[in-house]
Amino acid sequence: MSRTDTEAVRALLAAHDPAASVRSDPARRELSRNQVFASVHRQRSVYRLVPRRPVFRVALGAVAALAAVAVVVPFAFGSAQPAYAGPPPAPLEVPLTDLEPGSERLLALAEAAEGQPAPPRPGDVAYVRTSQWTLTYSQDLDTAEEGWGVLPVRDEVWRTPHESGLQIETPSVPDHLGGDLNPVQRLFEDGPTEWEWGGGEGGNGMFFSVEPGSLSTDPGVLADQLHGAGSDLADTGSGARLFYALQQLYGEAPVEPGVQAAVLRVLAEEDDVMFAGTARDREGREGLLFVVEESEGGGTLLERRIMFDEGTGQPLYHETLTVESPSEPDAELPRVNNYTVLVESAWVPEVGDTP
């Protein structure tokens, strides 16, 4: 392994590398939201580039002693098909030169959302099912083997009003593997993993970013609520904070039509929210795609994307990409960090129930 390779990966994983020589990297804030856990038969550490709050699941072991190094290889997002559901995430189908202001279309979507019936509410437990593809780095702390790839996961989460709930994560065969294969392959071979937390224990990362019943239908009030939920990105543009907050919100509970209409009106006021055209998600659903850029400083540029159903105004999928980075060749960009399909959300009577 060359010194250049080591420094490149340490820069990529700067937020979690305890080595004293690590320098701050422009992507640090995004990486600081990575999920980190060590589990199963061998001690492992896992880093995921994800657009949501951090969830730390740490088994017994010297996780703090990890110094992550590996050889960086390109991710070819147009190659082999994973076993989970179709080809790996691809960059936006619409050329970026076609971007245009999103205000007019967002206001039309708001009208469509406002006319939708409220979702049935047979109970107070929020159920959300997503399909996710996440760029993941894994290291075996016993053997020091390191690998990375795109990990497909089916994720089901139940949240109660009492900060209790359940998450079932079902990974599938990882794709676009690099480095040592074993640390990444072990992430799926034991099947689904369950995490359950009791009343008042939502502080482990499974709480609501904004309590569903408190979300306002007034765009001005709601904008403040969303900016509060997106405060992790305080140093970025307003549109990026809103997109980040929505990426969290849509994964936590059903959103009432009136609230969703207000969301779209809030976005319509943002000059940096652009319309990218019509696209199709991994479930084959077509919708209107909107994007916002997020500058991380130092030449690193992220892009957050959310697609809405044209008939209902409801969200269908979101993704986060790295589109510019001084540490990566242009040929390897854009790189999909996380792609999340919002498959289903509903209110159910009890934890474990499905619609």
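A salt bridge here is a side-chain nitrogen of Lys or Arg within 4 Å of a carboxyl oxygen of Asp or Glu. R154 and E156 make one of these, with their closest N and O atoms 3.3 Å apart. The model you're looking at is predicted, so local features need pLDDT of at least 70, side-chain atom pairs count only at pLDDT 80 or more, and totals for chains, interfaces and linings use all residues. Residues are numbered from 1 along each chain as its sequence is written, and side-chain values use heavy atoms, with hydrogens and water left out.

- Buried means under 20% relative accessible area, exposed means over 50%, and partly exposed is in between (1.4 Å probe, protein chains only).
- Helices (H or I, at least four residues) and strands (E, at least two) are DSSP runs, numbered from the N terminus.
- Two strands pair if DSSP finds at least two bridges between them.

**Strand β7 and its neighbours**

- Let's start with β7, which covers residues 165–171: six of its seven residues are buried, so the rest of the structure largely encloses this strand.
- One partner of β7 is strand β6 (residues 146–159), and the two pair in the antiparallel sense over seven bridges.
- Within that pairing, R159 has G165 in β7 as its bridge partner.
- β6 and β7 form a hairpin with five residues between them, and E163 in the turn has a positive phi of about 60°.
- β7 also runs antiparallel to strand β9 (residues 193–197), joined to it by five bridges.
- Here Q167 stands opposite W195 in β9.

- Now for β12 (residues 300–308), where nine of nine residues are buried.
- In a regular strand, side chains alternate between the two faces of the sheet.
- Both faces of β12 are covered: T300, L302, R304, I306 and F308 are buried on one side, and L301, E303, R305 and M307 are buried on the other.
- Strand β11 (residues 286–297) runs antiparallel to β12, with nine bridges joining them.
- The hairpin of β11 and β12 has two residues between the strands, and G298 in the turn has a positive phi of about 65°.
- β12 pairs with strand β13 (residues 315–324) too, in the antiparallel sense over eight bridges.
- In that pairing R304 stands opposite T320 in β13.
- Six residues sit between β12 and β13 in their hairpin, where G313 takes a positive phi near 75°.

**Salt bridges**

- Side chains of opposite charge can pair when their charged atoms come close.
- Searching the whole structure turns up eleven salt bridges.
- One of them joins E114 and R265, whose closest N and O atoms are 3.0 Å apart.
- That pair links distant parts of the chain: E114 is in helix α3 (residues 103–114) and R265 is in helix α7 (residues 257–268), 151 residues apart.
- E114 counts as partly exposed at 44% relative accessibility, and R265 counts as partly exposed at 21%.
- D124 and R121 meet in another salt bridge, at 3.4 Å from N to O.
- D124 is partly exposed at 45% relative accessibility, and R121 is partly exposed with a relative accessible area of 47%.
- Back at the opening pair, R154 is partly exposed at 30% relative accessibility, whereas E156 is buried at 9%.
- Salt bridges that share partners also join E111, E114 and R265 into one network.
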